[in-house]
Amino acid sequence: MDSLAVRAALVRKIEAQGVSHPGVLAAMRAVERHRFVDSALVNQAYEDTSLPIGLGQTISKPGVVARMIELLCQGHEGRLGRVLEIGTGCGYQAAVLSHVAREVYSIERLKGLHEKARENLRWFRLSNVHLLFGDGMLGYARGAPYAGIIAAAGGENIPDAWIDQLAVGGRLVAPAVTGAGRQNLVVVEKTPRGVVRTELEAVLFVPLKSGVA
Ligand code: SAH
């Protein structure tokens, strides 16, 4: 498929939604999302929707991927350093992150999806993406501290391990259940004077679960 043209159209939609970070838009333009979905869904790969990837999980909506990565990059010049992603799924967002960060650690709790992501990403030969199998609620201490942490699954709270593993000056972007009982995007900045938490718009992500399966 002539995917460059359809991706460019998708990126224009994402820009119209308010995402303006040039590095993020370039990454969205570069990564071939159709390589992360089943062949039956390829013709929907450049619509701004989430799609099933098996085991009850979904590939995130491109507009939300772009929005979250823009939030992650906010206030930061040039490439981010090490980034941790919780919830690899099919590996799409990890591939996008690989364009804006020096190193990407991405952890998935479902073995089947961890393996699927490895297969999907092989084609891209991204030497800076490190796929891990495990419970991302514990973060991944060996890669810490992180310049950025991004979660693709939403829990009741932001796990303490994530805040602990964030570098001072780093940012965390995650869906979490807020006071209203809904899921919202939450940004946590770790500053020298402490942690600053900001709640943004409502979102709909698959649940963050503990343990592996
Ligand atoms: N990043 C993916 C989105 C995958 S959906 C994309 O690019 O589209 C979110 C994923 O989070 C699911 O695969 C789910 O299994 C995973 N997940 C949920 N809780 C987790 C946890 N505690 N640790 C690691 N992965 C988790």
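A quick definition before I start: helices and strands here are DSSP runs, numbered from the N terminus. I'm also keeping in mind that this is a predicted model.

**Entry 1**

I went looking for empty space to begin with. Rolling a probe the size of a water molecule over the atoms shows where empty space is left. The largest pocket holds about 530 Å³ of space. I counted 34 residues in its lining, and Q57, T58, A152, A153 and V206 sit closest to its centre.

Next I checked which elements the lining draws on. At least two lining residues each come from β2 (57–59), α3 (62–73), β3 (80–86), α4 (92–97) and β4 (101–108). β2 gives the largest share, with 3 residues. I also sorted the lining by type and got 17 nonpolar, 11 polar and 6 charged residues.

**Entry 2: the sheet**

Then I traced the strands. I found an open sheet of 7 strands with mixed pairing, and I wrote down its order as β5-β4-β3-β6-β7-β8-β9. β5 (129–133) and β9 (194–202) are the edge strands, each pairing on one side only. From one strand to the next, the twist averages 15°.

I looked at two pairs up close. β3 and β4 run parallel and are joined by 6 bridges; there I spotted V83 opposite V104 of β4. β7 (residues 166–177) and β8 (residues 183–191) pair in the antiparallel sense, over 7 bridges. R171 faces E189 in β8.

Is β3 mostly enclosed or open? I checked its residues: 6 of the 7 are buried, so β3 is largely enclosed by the rest of the structure.

**Entry 3: helices on the sheet**

I wanted to see what lies across the strands. α3 lies across β3, β6 (146–151), β7, β8 and β9, and runs at about 155° to β7. Helix α5 (residues 111–122) lies across β4 and β5, at about 160° to β5.

**Entry 4: one serine**

Last, I picked S98, which I found in the loop between α4 and β4. Is S98 buried or exposed? Buried means under 20% relative accessible area, and S98 has 5% relative accessibility, so it counts as buried.

Which residues does S98 touch, leaving out those up to four places away in sequence? I listed R79, V104, L126, N128 and V129. V104 had already turned up in my notes, as the residue of β4 opposite V83.

Conventions:
Residues numbered from 1 in each chain as written. Predicted model: local features only at pLDDT ≥ 70, side-chain atom pairs only at ≥ 80, totals over all residues. Heavy atoms only, no water. 1 Å grid on protein atoms, 1.4 Å probe; cavity = no way out; pocket = protein on both sides within 12 Å on 5 of 7 lines; lining within 4 Å. Points joined across faces, edges and corners; volume = space filled by probe spheres on them. Helix = DSSP H or I, 4+ residues; strand = E, 2+ residues; numbered from the N terminus. Nonpolar A, V, L, I, M, F, W, Y, C, P; charged D, E, K, R; others polar. Buried < 20%, exposed > 50% of the residue type's maximum accessible area, 1.4 Å probe, protein only. Contact = heavy atoms within 4.5 Å. Pairing = 2+ DSSP bridges. Axes fitted to C-alpha atoms, helices over the stretch in contact; angles between N-to-C directions.
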